[in-house]
Structure formats: structure tokens, C-alpha cells
Amino acid sequence: MSFAKGPVIFTAVFCIVSGVLGQDWMVTYSSTDVCGVKGSFVDIFCTYSYPSHLEIRETFWYIKRVTGGKADDLSLDSKYQGRVEYLGDNVDNCTLRIKDLKESDTAEKYRFSFKTNDPGGKFSGSEVTLSLTNLPVTVSPETVSEGDQVSLTCNTTCSLSNNSPVLHRIKLYPALGAILAAALLLVVIACWRRETEQYAVQSSPDDDTYTGLNLTTRSPEYDTLANVKISADGVTSSTTQGSYLDIFCTYSYPSHLEIRETYWYIKRVTHHNTDNLSLDSKYRGRVEYLGDKVDNCTLRVKDLKESDTAETYRFRFLTNDPKGKFSGSEVSLSLTNLEVTVSPQTVSEGDQVSLTCITTCSLSNNPTYIWYRNSQPLTNPHPTSSNTLSITSVSNTNAGYYSCAVRGHEWHPSPSVCVLSCWSVTYTPKSICALKGSSVEFHSYYTYPEDNTITKALWFIGETWTPGQEPMDLIQEEHYHGRVNYYEKKKNNHTLRITDLIPQDSNSFRFRLRTDREGGNYSGGNVELSVTALQILMDPEIVTEGDRVTLTCNTTCSLSNNPTYIWYKNLHAISSPHTAGNTLNIPSVGIEDTGSYSCALTGHEVQRSSERILSVRYGPRNTSASVHPSAEPVEGNSVTLTCSSDANPPAQTYTWYKESRDQSSPVGSSQNISFASISSEQSGLYYCEAGNEIGQNRSPVVQISVACKF
């Protein structure tokens, strides 16, 4: 069997969808719904027409129309830079290619637009949507023996162009020769889109070269094997954050072989190497191989982190046969925190209460649960090893804080919950990002034992408190003097209000109760306050005429309640179709955009940002040459030529020329040139050129006519 060489090409042929708005104006797409393969490229085939007496001046694709202005050229969009290619022309072809397809590309709608030499002669086609697909392979049957007929199907989630996915059928025999090892039968089939080729065979999992064809896009590998087996305890393992996890695993191989090396890894390196997990800096000291070189390949991952869930884990072994090596399928990892729920939520004495220890994923190995009341393990009459604790008739003897843990992971219990009367403080919100000069409120809901009477409720700075000492009331703090108020509109609800905020108010605060009982004091956890001023960031910081400029109204923390931003230029509010959220975009900056910009939030207009000056650089323009004191001097008089221009930065070079017949000769290189005693030979036409780092500009000529002296 032979294979044609070359990259995989994705083409599309679709029904014609017309975008006609006038008899002679038309943009026609091959389809308005295009499907591509993630990471590959797609061509949106397109043609256009217009009245024959007109000429095309500009063609471009865009993803959105700016109100009242021109559209954004897709090739200038930072998200698409280097990934879009216009395959059309200025005649009738408007095909667009989008490369390195990303999931975010599907969120946009694409349109083609063209302009002619007639000011009113411009037209845009209808919208084109883009869908992406992976190429997963399914195999039938799932368990394969030598001699079986195997069907592998390349699947898509949207309809690719031209042909439907190919169904691959092969029979597995060791007689395939050099491609398959007699002792270790491992065939990896990959699928791709191409009009003629149907499949290729890979000789080993280490070899990324497919016989006869160099693939640009292919599906994940699917292993079909005989006499080799790796069994992990489920393909998804779940455990609690900060604890450890054992991935139980066994493996087998032909009996005449010997194991030389075993290890776990998280990614395949090109060709023959994989990364040993124990050597990875992120896992150093946290992984332990509990297996052997016989049949056990169990892995322990300790001190689990959220980042560990981003990887997939595979076991691999090598034998004394150079081709006798094999990798198991992927194992994914999920992490959870324990949480206790109470039913019913409001509990009274005598009620039946159920407490459940819940997780966000199913823990492995049928875990045993441990229940605690007031941090002490429960004993009779309510012991349980399940994730549910039931109390038939709750009483004051059952009151307290309940939590749960998994046996073997007792040092990672859940947060505690209160049953009946307990000390508790709940905040709304727990953190606030507020604007300098504004006001904030933190609300607390509190509970306390019924046999206590509240004598004082206060707030204090959490970071300055030393446990065992009475904290200072926030109202008495000199820094907050006159800016702090407490009020309680409902029972067991206490509110802290801080006004006229400044950045130095950023702090953590805690609510505290004092009662009439000895030791009857309780403090809630921290709430966090961050105070920010508005600041304008400009990208790029150095701006040249024609650049795309983005101004961002920046904060040091994320403001609450999705604020609306107001933009000002030279202290006057401006309305622009280019604003989006906290940004102001100027697609092509001009001299008229020069000015001082500031921003504010709706409802907080007095807390405006400091001004940011947008200075637009441009080359010399309106260059002129002038003669002083007269362009008709008498021979022997003094004459000065002056070159003037408008430029930013100011012109740095000046060159004067004198025209003589068909050529010009330089006569000076400063802004002013003088003739101390002018002669008739110096009569003629003069002009100057002014230049800066942006460009150059030439003045019109001036004529000097020297009169003879009598």
C-alpha cells in the first residue's frame, strides 16, 4: 500500500448562499456556516460583484461593524495577527483563510466588505459563523484479539466539507512484518481529513512519523493491543485538596520479557522520551512510586494542589526488548473540599436533623467518614462511618459545631457548621473593592448561645489583633476617626460603614461580640477591603498618527457591581462608539485625538482619575519658506530665508535647495540661512525640506529677485 505525501488540506464545498442587496452588488459565500478542525485552518470561499464601470479601492474582512464608523480590518486585530490570510483579489475573489483555529474564534461572526472609487460605492456581505471540532476516534469492538476485524471511526461535532468521516477497517496480524513486533502488538491508528488517503499505521508509540504521510492535524491516539495490559483504578480519581491520593494500578506483559524501567509521566516529549513525573520540579518530593517491576504500578501523589488537576497521568514500562515498551491510558485527577450540609437548615429542639458530608466529585476507594462535634470525634450514641449523620431528636446536649473528615486524611476536615445555638458570624459581602472617595458597608449576621446577653458589638482591624487581648474598637482608631459608623436595623444583623475612603483604608476587619458571661466573647473571621484609585493606561505609550490606541481605565482590584465607565477629553465627557467596558479604543489615531483624557464611574463622577495626555506624533506638514526683510532686495543688502513646519516632535533637520533649470542644489542645512551681502547671482527659486523621525515634507518655492544697485 502506498501513501501520497503532503500536508492535510481542509477544503469546503457548500450550497450557494447569496447576500444580494442590489442588482449589481453581491457577496456570495460558499456557506454561511463553516466547520473547521481545532488547531488547523479553514478557507471561507467567497466571490463578489459590483457595477462594471467602478473600480475596487479596498477589500477586507471584519468581525464587527463600528457604529457610524468604518469596520475593523480582521488582519489588524491582535487576536488574529499572523493567523488570517486574504486569498482573494481586487476583481471578484474574496476567499479568507483563518489558521491555527482557536475555540475563541467561534464567538465571532465574519463579514467581507469592499469599497470602490465611488464614495457611495461600498458593500458588505452577510455574516458567516464558524464551528470547530476535534477528531476523536471510536473503536469497535472495544476489546480486540488477533485476527479480529476492527472498525475505527473518526468523529466530528460539525459537518466538515466535501466528504464525511472515513470508517477505517483493518485486520490485525503479526505478519504485518517490521511495522508490528511479534511479542508486542501495538497498532496506533490516527484519523485526518483528506480526499484520497484513508489511513496510516504507526509502528510504535514513540514514533511520531506515520508511514507515507506527514500529518498536520490528527486525532488523539487510540491503542489496540494484544498480550499487554495496564489496569488503573478508574480513569478518573478524586480526593480532597491538600491530602494525598493513591492511583492503584497493575500491568502485565509477555512472560518471556523482563522489565527494565517503570515510571509515570504527564506528557510525551517528541519521539523517544517522556518526562518522568518524579523529576518534574512541580512534583518533586510529592510523588512516590509504590509499585514494583513485576505487576504493581501504583502511584501516590501527596500534598495535592489545584494545578495537579490540569494534567493527565500515564504509566509506562520498558522491557529488555527494544520494541517492548508500552504506555497505559490517561488518568485524570479531580480535587474537592469537604462540606457539611444540614437538613433542615433551621433547627429547633426536638427536630430530626441530618448532616451530610458532601464532595464535588466521587472519592475513590469507598472512603470511611469521621464526624466531629466541637473538634472532638463523635462516640456513642451517634457514631457513623457513612457520609450522613442523623440525630433523631436534637437537644441542647447535641448543640455545637459539626465537621467531617475522611479516614486517613483527618488533618483535612471540613469547615464546621452550627446545630442549635452556637457562636457564629456570617458576612455579606466577604470582600469589597471600592473606589477612592466612596463609601462601603459590611453586613454581619451573628448567632450566640441563648443563655448569653450581648453587652457590646464592635469591629476591629484583624491584622493588628493579638489573641488573648481585647482588640481596639475601630471607631477609636485615629486613622478612621469620624469616618466609621455602626448600625443594626434588624435583630442579629450588624453593619459597618466607612466613608471617604482612601487607599490606606485597605485592610482586613473582624466583627466581635461581648456578652455578660465570663469568657463570653466571640470574633468572626476576616472581611477584606481594597481601596483603589482610577488610573489610565495607554497602549502603546508612544503614539504615531495612524496607530491603533487603547486607553484603559485601570484599577488595582476588581470593582463590584459591573460599573459603567465615563470617558473625558479635556475635562468634557465624550461619547464614542469605540468604548467597551473600561477601555476606549481609537482604531486609527489622528491629530484631532490629541488631548488630556480621564475616566470616572457612573454615580462616582467626582472621583475622576488623574489625566493622561495623548500626544500624537506626526511628520512635518504645512512646510513653508519665507524671505526677510524682502524677496526683492537691492544688491548688497542682507537677506534671511526661514523654513517653518508643523510637526510632532518638532522638525529636527532642515535642508535648503536652489532650483536651477531641471535640477536642485543644496545650499544650506539649518532652519534659517542668511546672505549678508546678497548679489544678483543669488537670485532664483528656493525651497526647503523639514524632517523628523516620522517623515519629511517640502515647502513651495519662493523667488528672490535681486535688484541692481545704482
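The chat below goes through salt bridges, strand pairing and nonpolar packing in a predicted model.

Biologist: Before we start, what should I keep in mind about the model and the numbering?

Modeller: The model is predicted, so local features need pLDDT of at least 70 and side-chain atom pairs count only at pLDDT 80 or more, while totals for chains, interfaces and linings use all residues. Residues are numbered from 1 along each chain as its sequence is written, and side-chain values use heavy atoms, with hydrogens and water left out.

Biologist: How many salt bridges turn up in the whole structure?

Modeller: The search finds 22 salt bridges, where a salt bridge is a side-chain nitrogen of Lys or Arg within 4 Å of a carboxyl oxygen of Asp or Glu.

Biologist: Which residue does Lys38 bridge to, and where do the two sit?

Modeller: Lys38 pairs with Glu103, with 3.1 Å between the closest N and O atoms. This pair links distant parts of the chain, 65 residues apart, with Lys38 in the loop between strand 3 (33-37) and strand 4 (42-44) and Glu103 in the loop between strand 8 (96-98) and strand 9 (109-116). Strands here are DSSP runs of E with at least two residues, numbered from the N terminus.

Biologist: What about Arg617, where is its partner?

Modeller: Arg617 meets Glu693 in a salt bridge at 2.4 Å, N to O. The two are 76 residues apart, with Arg617 in strand 53 (residues 616-628) and Glu693 in the loop between strand 58 (684-691) and strand 59 (696-698). Glu693 counts as exposed, at 51% relative accessibility.

Biologist: And which residues form a network of salt bridges?

Modeller: Glu470, Arg512 and Arg514 are linked in such a network.

Biologist: Switching to strands, what does strand 41 pair with?

Modeller: Strand 41 (residues 493-498) runs antiparallel to strand 38 (residues 440-447), joined by six bridges, and Ser444 stands opposite His494 in this pairing. Strand 41 is also joined by four bridges to strand 40 (residues 484-487), again antiparallel, with Tyr486 opposite Leu496. Two strands pair if DSSP finds at least two bridges between them.

Biologist: How many residues lie between the strands of that hairpin?

Modeller: The hairpin of strand 40 and strand 41 has five residues between the strands, and Asn492 takes a positive phi near 65°.

Biologist: What is the strand order in the open sheet of three strands?

Modeller: The order is 29-30-33, with antiparallel pairing; the edge strands, strand 29 (339-343) and strand 33 (388-391), each pair on one side only. Strand 29 and strand 30 (residues 353-358) pair over five bridges, and Thr341 stands opposite Thr356 in strand 30.

Biologist: Now packing, which residues have the most contacts inside the largest nonpolar core?

Modeller: Those are Trp61, Tyr110 and Phe112, in a core of 26 residues. Among the elements giving two or more residues to this core are strand 2 (26-29), strand 5 (46-49), strand 6 (56-62) and strand 11 (128-133). A nonpolar core is a set of buried Ala, Val, Leu, Ile, Met, Phe, Trp, Tyr and Cys residues joined through side-chain atoms within 4.5 Å. Apart from it lies another core, of 23 residues, including Val425, Tyr427, Val440 and Ile498.

Biologist: What does Phe112 touch, leaving aside its neighbours within four places in sequence?

Modeller: Its contacts (heavy atoms within 4.5 Å) include Val27, Tyr29, Cys46, Tyr48, Trp61, Tyr86 and Phe123. Phe112 is buried, at 0% relative accessibility.

Biologist: How many aromatic pairs does the whole structure have?

Modeller: The search finds 32 aromatic pairs, where rings of Phe, Tyr and Trp (its six-membered ring) pair if their centres lie within 6.5 Å, and planes under 30 degrees apart count as stacked, over 60 as edge-to-face and the rest as tilted. Tyr48 and Phe112 form a tilted pair, at 5.2 Å centre to centre and 50° between the planes. Tyr48 lies in strand 5 and Phe112 in strand 9, so this pair ties together parts that are 64 residues apart in sequence. Tyr48 is buried, with a relative accessible area of 4%.

How values were computed:
Buried < 20%, exposed > 50% of the residue type's maximum accessible area, 1.4 Å probe, protein only.
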